[in-house]
There are 2 protein chains.
Amino acid sequence: MSMEVISQLAIPGTSKLVLFIFDGLGGIDNDGRGSALEAASVPNLDQLATDSVTGFHIPVAVGVTPGSGPAHLSLFGYDPLKYQIGRGVLEALGVNFPLQKGDVPARINFCTLDPEGKISDRRAGRIPSEEGSRVIEKLAGAIQIDGVEIHLRHVKEYRAAMVLRGEGLGGDIADTDPQVTGKEPLAAAPKKKSPANDKTCEVLNEFLRQAREILKDEPKANMLTLRGIDLFEPLPSFQELYHLNPTSIAVYPMYKGVSRLAGMTIQEEGQETTEEQINLLKKVWDDFDYFFIHIKKTDSYGEDGNFEGRISVLEEVDPYIAQIRELGPDVIAVTGDHSTPSPMKSHSWHPVPLLIYSECCRPDTVQQFNERALLQGGLGTIHGTSILPLMLANGKRLTKFGA
Amino acid sequence: MSMEVISQLAIPGTSKLVLFIFDGLGGIDNDGRGSALEAASVPNLDQLATDSVTGFHIPVAVGVTPGSGPAHLSLFGYDPLKYQIGRGVLEALGVNFPLQKGDVPARINFCTLDPEGKISDRRAGRIPSEEGSRVIEKLAGAIQIDGVEIHLRHVKEYRAAMVLRGEGLGGDIADTDPQVTGKEPLAAAPKKKSPANDKTCEVLNEFLRQAREILKDEPKANMLTLRGIDLFEPLPSFQELYHLNPTSIAVYPMYKGVSRLAGMTIQEEGQETTEEQINLLKKVWDDFDYFFIHIKKTDSYGEDGNFEGRISVLEEVDPYIAQIRELGPDVIAVTGDHSTPSPMKSHSWHPVPLLIYSECCRPDTVQQFNERALLQGGLGTIHGTSILPLMLANGKRLTKFGA
């Protein structure tokens, strides 16, 4: 069902909806011990599964392994094939930069030029993060271009994000990275001729000229290239689409960034640990009606192949599920954005465990929250974009379709 | 998910993928004895199902009974609604004719003309195959048209296939069969005016003129009609789409023909029996990375209403599953192209039993490969076109979608 139709059915209400995400939740067997969910002791999740309708979701499509960006868009109800996020936008989201309509974000790679001005290292010798951070500040303090704001944020090592903000900028601009060493960095050039793209190129080429001057004495990061240049187009927000007033209680910048796309109020501080996240949830409980809570470490340990780590995160977080229930939410959805099986040390395509709880959810016979038990779930395997409509329905936030 | 997106995610690799098709695999109950799969003893398929993720697929759409052409396109990942194969193309595929871009295939029906030149029998008295074959050779030896190659192949009884090959031919031409007796055969006429269609009509009308002369003394097949005239447009191949190097080990011409459409190397000889097919698989194992193996008789016996025949084919083929596993493929998919329940004596719309095996497939709790057991499968019911993406994913041949 398209987002547009769900939006037309959405009605205001007072119910409170909680989306609780264990990043990379789904797994596969680990040497006969089952998945992390199967091996962990998670009595509160099991109880919630008992009271819920359960199953799996497919974030993007059968067989497709999603990145975090598209996987979260799907959880938030946006078709990730329709709303594809460019690399520059993702980089800006990753540092939680508050993008506005018309902004032009890009990814910066520092690089090293030889005395002839040719690229000798496309990653500036993979300079450490302290050095990358210092160089980006040096740049930020010296760059000056009339009529355009230039925002610079360090990301990691040799990588940074830039956002141009100004009137009438275009975003259809080719990368300036020639993709090989031994060549000079390219000038910014439009992929398609237009006054807006020309204006952006003019700004970027002046930026590149100044950057080269400012960085010329750096031993490694004496130049930079721009990639994934893109015009930012905001998504329709939860407010517009569903009369929801959502907030995001995530720890990592990337997830704050993606939830900002959906129009969520970002909780910026005091949520480093799960305990702090839940305390924050309690604190802002009266101020919002949709709460996105994001646990990162299930994914991180999965990517590291750390099966014990995944089990311990699940077991540590489990008691907080009871605390959330005590707040009396009308709807709770617990799932992941994708699977990250620790034997694979990567995201995967496997369907993601899912439960949806409400007073009227029609519980199935499942009494445990794990991959094997959920095979009997009443939801079957649904698309990720169906989770939000189901949450709205269970929260009595959707009216009838047709008379 | 569209084929285009999967194609963009596809990466080269060394994994080996096997698609093992029992034609017409799915069934329904036979007088309380269950389906053929339920009644047969297939320990190797059961073991493979135990180690696999299982479920069903729908080749075209819910409720739709597919022909063999669209059903196989779906198995090969082509949307059968988007890639519709004309009747002429199907007839040429059915005799495994190596169609090239720009060819114009058509189906030939021999017919009988009365002394006034009107059709008295649209199927030439259903002449036996030996006679049909003799007449087509007579025709092939005598027809001569400048500037165009004319390929003629007998199919069965009164049916044959023709392929025109030449520069600048069109394919939007109406049938020459008037559909009733008592009328003269029609001349070839374009459905839409164009120089290319005009050229084809000119060739076809000269062909019809010569054919009438050559066949005039035949007692039954003294003329022919042309149907399903079509311009052949090749499909994008597995090589282009997925970096796969596929081969087809099928027995019947039709299935060789359809796999040729996907760019598969066709094994042409030495595969009459299943044992010979598996020996051939072993022989070419190092030369390819995608292997399509096609067992026809499950379907033939289904169409005949021969329940015992279906059971015996399944039991005869079952041990070869173990031999395939011994080769160490990374991914095995076992399924059918459609269901052919023997009580119905025809293809049907029923979801088709499916298993997908790999080291990381996330097996479900199913331990038998049959319609009843697979209801508990972890795949649920997926679309036929999702099988190839899942095989690629399990073979680590798809990269992440988005960052």
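The buried residues of helix α5 (87-94) of chain B pack against α4, β3 (104-113), β5 (149-156), β6 (159-165) and α9 of the chain; a residue is termed buried if 20 or more other C-beta atoms lie within 10 Å of its own, exposed if 12 or fewer, and partly exposed in between, with C-beta atoms placed from the backbone. The model is predicted: local features need pLDDT of at least 70 and side-chain atom pairs count only at pLDDT 80 or more, whereas totals for chains, interfaces and linings use all residues. Residues are numbered from 1 along each chain as its sequence is written, while chains are lettered from A and ligands numbered from 1 in the order in which they are written.

Seven of the eight residues of α5(B) are buried, namely G88(B), V89(B), L90(B), E91(B), A92(B), L93(B) and G94(B). Just after this helix, N96(B) takes a positive phi of about 60 degrees. Helices (H or I, at least four residues) and strands (E, at least two) are DSSP runs, numbered from the N terminus. Helix α4(B), residues 68-75, is mostly covered as well, with eight of its eight residues buried. These are S68(B), G69(B), P70(B), A71(B), H72(B), L73(B), S74(B) and L75(B). The cover over the buried residues of α4(B) includes β1 (17-22), α5 (87-94), α9 (253-261) and α13 of chain B.

Two strands pair if DSSP finds at least two bridges between them. Strand β2(B), residues 53-58, runs parallel to β13(B) and is joined to β13(B) by four bridges. Within this pair, H57(B) stands opposite I382(B). Strands of a sheet pair through backbone hydrogen bonds, either parallel or antiparallel.

In chain A, strand β6 (residues 159-165) is largely enclosed by the rest of the structure, because six of its seven residues are buried. Strand β3(A), residues 104-113, pairs with β6(A) in the antiparallel sense over six bridges, and A106(A) has M162(A) as its bridge partner in β6(A). Strand β5(A), residues 149-156, is joined to β6(A) by seven bridges, again in the antiparallel sense. Here H151(A) stands opposite V163(A). The hairpin of β5(A) and β6(A) has two residues between the strands, and E157(A) takes a positive phi near 45 degrees in this hairpin.

Chain A is divided into domain 1 (3-83 + 236-394) and domain 2 (89-227), with bounds that come from an automatic or database domain assignment. The centres of these two domains, taken over C-alpha atoms, are separated by 35 Å. Eight residues from domain 1 and six residues from domain 2 of chain A take part in the contact, where two residues are in contact if their C-beta atoms, placed from the backbone, lie within 7 Å. On the domain 1 side, helix α9(A), residues 253-261, gives the largest share, seven residues. The residues of that side divide into four nonpolar, two polar and two charged; Ala, Val, Leu, Ile, Met, Phe, Trp, Tyr, Cys and Pro count as nonpolar, Asp, Glu, Lys and Arg as charged, and the others, Gly among them, as polar.

Also in chain A, L392(A) lies in helix α13 (residues 387-394). This residue counts as buried because L392(A) has 26 C-beta neighbours inside 10 Å. Leaving aside neighbours within four places in sequence, L392(A) is in contact with I6(A), A10(A), Y242(A), R397(A) and L398(A). The C-alpha atoms of L392(A) and I11(A) are 9.2 Å from each other, although the two residues are 381 residues apart along the chain.

The contact between the two chains takes 21 residues from chain B and 28 residues from chain A. On the chain B side, α1 (3-9), β13 and α13 (387-394) each give two or more residues. Helix α13(B) gives the most, with four residues. The chain B side comprises twelve nonpolar, six polar and three charged residues.

The copies use different surfaces, and 5% of the contact residues of chain B recur in chain A.
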